[in-house]
Amino acid sequence: MAIVGAGAAQIVKGVGHGYRKYLEIPDTARTAVDWICLYGLAARGVVFIITGMFFIYAAFTVDPSQAGGISEALSWVRQLPFGAGHYAIAAVGLLAFGIYGFVEAAYRRIRPPAVAAMAISYKRSIA
């Protein structure tokens, strides 16, 4: 259930643009970065949900060999009607998630810690 929840959280983060509060994206790149982040997070979320459903299925059938990982989830997608197209969409989405990692590294907003709060914390720890 946690894997399905994590997948849903990834989709919500992408669709709701929740990643923006951590990034300082220049206006010139905002549209492209938004599409990459949305598509990458949504694709990763869908793959997580499929993987989580395999685990839930294995739990209800009491057959641990039925639980699969991401490779089994992608294999299942490939076996669907028009599976090659779905597989390609998932692959491009996971590539977009990889690019999202680079976007996050480039535009991540890191707030420095407050020096006064650190000093108070340090004094308490040595007292």
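A residue counts as exposed when its relative accessible area is over 50%, as buried when under 20%, and as partly exposed in between. Asp27, at 67%, is therefore exposed. The model is predicted.

**Helix packing**

- Two packed helices are described by the angle between their axes and the distance between the axes.
- Helix H1 spans residues 2–15, and helix H2 spans residues 30–61.
- The axes of H1 and H2 cross at roughly 165° and come within 7 Å.
- H1 is therefore roughly antiparallel to H2, since angles over 145 degrees fall in that class.
- H1 and H2 cross with left-handed geometry.
- H2 also packs on helix H4, residues 83–107, at an angle of about 125°.
- The axes of H2 and H4 lie 7 Å apart.
- H2 and H4 are therefore oblique to each other.
- The H2 and H4 crossing is left-handed.

**Salt bridges**

- How many salt bridges does a search of the whole structure find? The count is four.
- One of them joins the side chains of Glu24 and Arg109, at 3.2 Å from N to O.
- Arg109 has 26% relative accessibility, so Arg109 counts as partly exposed.
- Another salt bridge pairs the side chains of Arg30 and Asp27, at 3.9 Å from N to O.
- Are Arg30 and Asp27 exposed or partly exposed? Arg30 is partly exposed, because its relative accessible area is 28%. Asp27 is exposed, because its value is 67%.
- Glu104 and Arg108 also meet through their side chains in a salt bridge, at 2.6 Å from N to O.
- Glu104 has 22% relative accessibility and so counts as partly exposed.
- Arg108 is partly exposed as well, because its relative accessibility is 36%.

- Which residues form a nonpolar patch on the surface? They are Tyr39, Ile89 and Val92.
- Together, these three residues have about 260 Å² of accessible area.
- Tyr39 belongs to H2.
- Tyr39 is partly exposed, because its relative accessibility is 32%.
- Leu38 also lies in H2.
- Leu38 has a relative accessible area of 21%, so Leu38 is partly exposed.
- Leu38 and Gly18 are 20 residues apart in sequence. In space, their C-alpha atoms are 9.7 Å apart.

**Loop between H1 and H2**

- His17 is in the loop between H1 and H2.
- Its phi is near 55°, a positive value in a residue other than glycine.
- Most residues other than glycine have a negative phi.
- His17 is partly exposed, because its relative accessible area is 29%.

Definitions and conventions. Residues numbered from 1 in each chain as written. Predicted model: local features only at pLDDT ≥ 70, side-chain atom pairs only at ≥ 80, totals over all residues. Heavy atoms only, no water. Patch = residues over 30% accessible without salt bridge, like charges linked within 9 Å, V, L, I, M, F, W, Y side chains within 5 Å. Areas by Shrake-Rupley, 256 points an atom, 1.4 Å probe, with all protein chains shown as cover. Helix = DSSP H or I, 4+ residues; strand = E, 2+ residues; numbered from the N terminus. Buried < 20%, exposed > 50% of the residue type's maximum accessible area, 1.4 Å probe, protein only. Axes fitted to C-alpha atoms, helices over the stretch in contact; angles between N-to-C directions. Parallel < 35°, antiparallel > 145°, perpendicular 65-115°, else oblique. Left-handed = near helix turned anticlockwise from the far one by under 90°.
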